[in-house]
Amino acid sequence: MRVRSLAAVAAILVLLLAAPAFAAEGEIKRAANGKPDLTGTYDAATLTPLQRPEEYGENLYLTPDEAEKIATDAAKARADRHQVSDPNREAPPEGGDGSPGAAGNVGGYNSFWLDRGTDTFAVDGKFRTSIIIDPPNGRMPETTDAAKARFAERAKLRRPNEGVAWWLELDGPGPYDGPESLPISERCILGFTGATPTFPSGYNNYKRVVQTEDHIMILIEMVHDARIIRLNDEHPSPEERRWLGDSVGWWEGDTLVIDSVHFRPDGFLRGATKDLHVTERLTLQPDGNILYHFTMNDPATWEAPWSGEYIWKRDQERVYEYACHEGNYSMGGTLRGARILEDDWRAGKAASTGGE
């Protein structure tokens with residue numbers, strides 16, 4: 001009997017020592033140090049758009065019927081896509097993007113491969129009309145004149161493929177001179193959905209969080225972005241600039257606050273500059289989900305800061321490697337195609353001038 005009693009006491013002690021890792025109903029899960037335990041995998045896919053459709057004005061909420069209709073329409077669209085099996089899918093017409101009568105571009109993969117989620121997200125039981133909550137109209141603020149000028153210059157190097165090396169008529173470097181001239185997402189340096197802050201995407205919406213006493217790691221499924229957030233630390237010198245910015249964090253009650261600065265000037269997240277300042281707040285919910293809030297502040301790009309929030313849903317799936325460059329033949333094909341078009345352009349010029 002004494003052996004059994006000792007065994008029972010030992011079992012109780014083990015449970016008591018492990019208590020911070022377990023949460024009673026209505027309470028959040030906590031780490032051994034008492035902080036909310038964010039460790040886990042989350043699915044951030046949502047049908048809620050980043051910017052609010054203009055017809056909603058400053059209305060932050062959907063009615064339950066509106067939310068249900070969005071989910072039902074999305075489910076029907078998915079079912080329609082799956083009715084056609086891949087082996088029977090017809091290839092796009094030569095030089096086309098798969099749309100009837102389209103020509104000029106082969107395009108990307110079709111909507112069969114997209115995964116935008118199955119419903120809109122809700123906060124406190126209320127469905128949202130947009131991820132952006134400030135400004136009150138749920139849309140990005142007006143861009144500055146300086147930003148408009150930057151965007152216009154960048155647009156000169158981004159045109160539809162018309163089969164002509166039009167860039168040779170421009171002064172300065174061209175958009176297809178080499179690998180470094182291609183957009184950073186095509187070079188698999190950063191995911192096109194962003195990591196600091198991170199936005200929902202058409203696919204690859206999982207996030208993996210690993211939490212220790214002095215660091216938080218957030219792995220973004222899209223491409224390979226792994227953010228290492230130092231807790232209770234200082235930012236280094238502004239000369240040290242990084243693709244994901246420099247991130248330090250601290251706890252305010254049960255909310256993790258992350259402050260990120262020192263971005264690279266060629267990051268271009270949503271058109272921002274190197275002076276972008278991002279503040280994020282991660283709050284663990286009793287159901288295991290995370291309420292993710294962010295604020296973007298870059299006076300050189302937007303006339304005012306803007307903020308948004310959405311739900312990361314706790315999930316049991318794993319985050320698998322997204323080997324962005326593995327089997328990625330598009331970069332070589334893009335550059336080789338550009339050289340062919342340039343040769344054709346020069347040959348045409350020579351012919352029109354009589355070989356002069």
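1. Let me start with salt bridges: a salt bridge is a side-chain nitrogen of Lys or Arg within 4 Å of a carboxyl oxygen of Asp or Glu. By that rule the structure holds 18 of them. The model is predicted, so local features need pLDDT of at least 70 and side-chain atom pairs count only at pLDDT 80 or more, while totals for chains, interfaces and linings use all residues. Residues are numbered from 1 along each chain as its sequence is written, and side-chain values use heavy atoms, with hydrogens and water left out.

2. Now the overall picture. The protein has four helices and 12 strands, taken as DSSP runs numbered from the N terminus (helices are H or I with at least four residues, strands E with at least two). Of its 356 residues, 36% are buried, where buried means under 20% relative accessible area, exposed over 50% and partly exposed in between (1.4 Å probe, protein chains only). The accessible surface comes to about 20,500 Å², and 55% of that belongs to carbon and sulfur atoms; areas come from the Shrake-Rupley method with a 1.4 Å probe, and for residues only the protein chains shown count as cover.

3. On contacts (heavy atoms within 4.5 Å): among those between residues at least 6 apart in sequence, 59% join residues at least 24 apart.

4. Helix α4 deserves a look. This helix covers residues 330–352, 23 residues in total, and reaches 32 Å from its first C-alpha to its last, close to the 33 Å expected; the expected span is 1.5 Å times one less than the number of residues. M331, L335, A338, L341 and E342 are buried in α4.

5. R339 is partly exposed at 30% relative accessible area, whereas E342 is buried at 7%. R346 and D343 meet at 3.8 Å, N to O, and they too are three residues apart in α4. R346 is partly exposed at 44%, and D343 is partly exposed at 48%.

6. Elsewhere, shared partners join R230, D233, E240, R242 and D246 into one salt-bridge network. Within that group, R242 bridges to E240 with the closest N and O atoms 3.7 Å apart. R242 has a relative accessible area of 35% and E240 has 40%.

7. What about the rings? A search of the whole structure finds 10 aromatic pairs. Rings of Phe, Tyr and Trp (its six-membered ring) pair if their centres lie within 6.5 Å; planes under 30 degrees apart count as stacked, over 60 as edge-to-face and the rest as tilted. W167 and Y176 have centres 4.9 Å apart and planes at 70°, so this pair is edge-to-face. W167 is buried, at 6%.

8. Y292 and Y310 form another edge-to-face pair, 5.6 Å centre to centre with 75° between the planes. Y292 lies in strand β11 (residues 290–297) and Y310 in strand β12 (residues 306–315), so the pair ties together parts 18 residues apart in sequence. Both tyrosines, Y292 and Y310, are buried.

9. Finally, charges over rings (NZ of Lys or CZ of Arg within 6 Å of the ring centre and within 35 degrees of the ring normal). The charged end of R264 sits over the ring of W243, 4.0 Å from its centre, and K126 lies over the face of Y61 at 5.0 Å from the ring centre.
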